[in-house]
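Subject: Structure handover

Hello,

Here is the structure for your files. Please open it first, then read the notes below.

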Amino acid sequence: MTPASARPVAPLLCPALLGLLLVVASGCATSADAPGETEDTSPARQTAFRVRSDVGAGLNADRGWAGPLNQPVALPVETPFRLRFEVETPRDAPFVERFRLQYRRNGGAWRPVLAADFPYAPSEVTPRVSVVSPSAYADRADAADLLDGSTASYAGGKGIALSGTGPALPDHGVQSEWEWPLVIRRYADGAVTNEPGDRFEFRLVDVKGRPLPAPATPEVTASVPPRLLGGTYPETPGRLRPWEASDGSLYFLMEPAESYNKLMTVKSTDGGRTWREVDGAHRPVAGDLEGFASAVHDGTIYMLHQIDTGVLHHSFRTTDHPRTPDAWAVRDDTVHLAYTRRDGTAWYRRIRPDGSLTSPQRVSSSLGTAVTDVGSVLPLVHLPETNTTVLLYRRAGGTLWARRADAEGRLSPPVQVTERAVAQSAADSDQVGADAVALGSSVHILFIEAQTGHLYHTRSDERGSWAPATVQVDSVDAQWVRGQPVSNGTSSPTAYGYVYDAGSNGGSGMNWYDEVPVRRR
């Protein structure tokens with residue numbers, strides 16, 4: 001709801017927002033060259049490589065390649081791929097036990113490739129590049145002879161998972177093959193960003209840090225798929241939008257990674273096709289975005305951010321701000337907030353113009369009582385044409401219901417919104433998997449079906465009756481969604497723009513943008 005005065009009115013926050021998160025500053029994004037690395041070269045040689053884009057291909061299947069042997073390729077961020085090396089060990093050289101994988105970005109320093117799974121990284125580290133778990137083979141599975149760079153006899157090799165270091169080599173005077181599953185992130189720890197066109201080179205070094213000589217170095221040029229945001233969403237039932245400025249610019253509030261949960265503002269100027277962070281040098285210092293809500297007024301996005309010791313206030317100026325657009329204005333100032341109850345009930349209160357609170361009214365006693373059910377209330381929706389506030393909530397059985405509060409705060413009888421059960425607390429998000437916005441006298445809802453993870457859309461008419469739901473995304477296991485009416489630079493809203501998590505399982509890199517074309521009633 002847009003506030004009526006310069007002081008923003010924040011929606012009620014669910015009490016699930018008391019959780020703690022460990023903030024880990026990863027050294028992988030800024031570490032120096034690998035310890036012990038010298039300019040000497042290893043007696044072993046890399047004789048060939050090939051990049052595989054089909055991560056579902058079998059370890060020893062000769063298919064799914066991104067390019068020819070020993071050739072650079074272009075691949076999208078946040079999409080796992082595999083890199084296969086052929087290695088030859090000379091017969092008369094000192095034995096080399098095992099290899100480690102390194103990378104460098106845009107010709108910079110060589111760094112170790114660490115293990116951090118995708119999309120969720122239990123290691124609590126999200127590097128720019130990491131070794132992930134393969135879906136097509138088990139760790140240390142036997143690798144066959146696929147590449148044709150060496151004429152030495154083949155002595156085996158392995159497919160590797162979640163490790164930047166390979167197992168011991170088979171013998172002297174032979175060739176072997178080694179395949180690593182990798183991912184390049186859009187955002188990583190420290191809110192560092194991988195941009196379109198960034199070049200990532202990879203190489204093997206031995207246990208002494210000596211690089212293996214090679215006729216060609218594997219190189220992957222990064223691209224960013226259209227409408228991908230990356231990052232991860234704040235775990236809150238509060239409103240995040242994306243917010244739209246009068247020139248059509250879209251703004252979204254999110255975190256770079258699950259392991260670096262600081263607040264960032266990303267912006268799109270082309271209708272959600274491309275996104276990048278704005279004013280990252282001045283982003284708020286405080287992390288832990290489990291209690292979070294936002295509202296916009298006069299070109300400024302106002303934010304309330306709950307942490308375990310209090311509530312912080314931030315604000316960000318959009319392109320509608322007359323003096324300092326696209327900049328953080330207020331960071332980490334303390335304010336006070338009241339919470340809702342945790343006993344399976346939903347409540348409604350109003351904030352009067354003088355700042356005082358009305359007495360709480362019970363909306364429902366039918367919410368679930370499990371820990372995962374505490375975030376069962378959607379963001380409030382205000383209908384200015386009738387001065388009505390719509391309260392939407394998920395009952396214990398999984399369906400969404402609605403009640404309307406008139407100008408005096410009187411509540412209407414409950415009305416069922418969905419026949420399908422709606423996801424709740426997917427990926428430990430402590431919230432119902434649904435979003436709601438107002439367009440004229442109509443309320444539009446996006447919700448995630450619990451059984452399938454498919455994303456649906458429905459809308460109400462001016463009397464509060466609900467249309468049959470229609471599927472919007474059925475190719476992913478969606479786990480979270482938030483949206484906002486967008487006008488794409490026109491005079492009135494033309495779409496319900498939304499950001500959804502396509503199945504991160506609590507990790508990062510799976511936020512995508514899309515739109516539902518709508519018409520006002």
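Accessible areas here come from the Shrake-Rupley method with a 1.4 Å probe, and for residues only the protein chains shown count as cover. By that method the protein chain exposes about 20,400 Å², with carbon and sulfur atoms supplying 49% of it.

Two notes on the source. This is a predicted model, where local features need pLDDT of at least 70, side-chain atom pairs count only at pLDDT 80 or more, and totals for chains, interfaces and linings use all residues. Residues are numbered from 1 along each chain as its sequence is written, and side-chain values use heavy atoms, with hydrogens and water left out.

Overall picture

The protein chain has zero helices and 35 strands. Both are DSSP runs numbered from the N terminus (helices H or I, at least four residues; strands E, at least two). Of its 521 residues, 57% count as buried. Buried means under 20% relative accessible area, exposed over 50%, and partly exposed in between (1.4 Å probe, protein chains only). A contact means heavy atoms within 4.5 Å. Among contacts between residues at least 6 apart in sequence, 60% join residues at least 24 apart.

The cores

A nonpolar core is a set of buried Ala, Val, Leu, Ile, Met, Phe, Trp, Tyr and Cys residues joined through side-chain atoms within 4.5 Å. The largest one has 29 residues, and Phe85, Trp180, Leu182 and Phe202 have the most contacts inside it. Elements giving it two or more residues include β1 (45-52), β3 (81-89), β10 (174-184) and β13 (199-206). Another core, of 26 residues, lies apart from it; Tyr251, Met254, Leu263 and Met264 are among its members.

Phe85 deserves a look. Leaving out residues up to four places away in sequence, Phe85 touches Phe49, Leu101, Leu147, Trp180, Phe202 and Leu204, among others.

Aromatic rings

A pair of aromatic rings is described by the distance of the centres and the angle of the planes. Rings of Phe, Tyr and Trp (its six-membered ring) pair if their centres lie within 6.5 Å; planes under 30 degrees apart count as stacked, over 60 as edge-to-face and the rest as tilted. The structure holds eleven such pairs. One is Phe85 with Trp180, edge-to-face, at 6.1 Å centre to centre and 80° between the planes. It links distant parts of the chain: Phe85 is in strand β3 and Trp180 in strand β10, 95 residues apart. Both residues are buried.

Tyr496 and Tyr498 also pair edge-to-face, at 6.5 Å and 75°. Tyr496 is buried at 0% relative accessible area, and Tyr498 is buried at 1%. Ring pairs also link Tyr233, Phe252 and Trp480 into a cluster.

Two arginines sit over rings. The test is NZ of Lys or CZ of Arg within 6 Å of the ring centre and within 35 degrees of the ring normal. Arg52 lies over the face of Trp65, 4.1 Å from the ring centre. The charged end of Arg395 sits over the ring of Trp401, 3.6 Å from its centre.

Two more residues

Pro134 is in the loop between β7 and β8 (141-142). Pro134 counts as buried because its relative accessibility is 17%. Beyond four places in sequence, Pro134 touches Ile160, Ala161 and Pro181.

Thr300 lies in strand β20 (residues 300-307). Thr300 is buried, at 6% relative accessible area.

Best wishes
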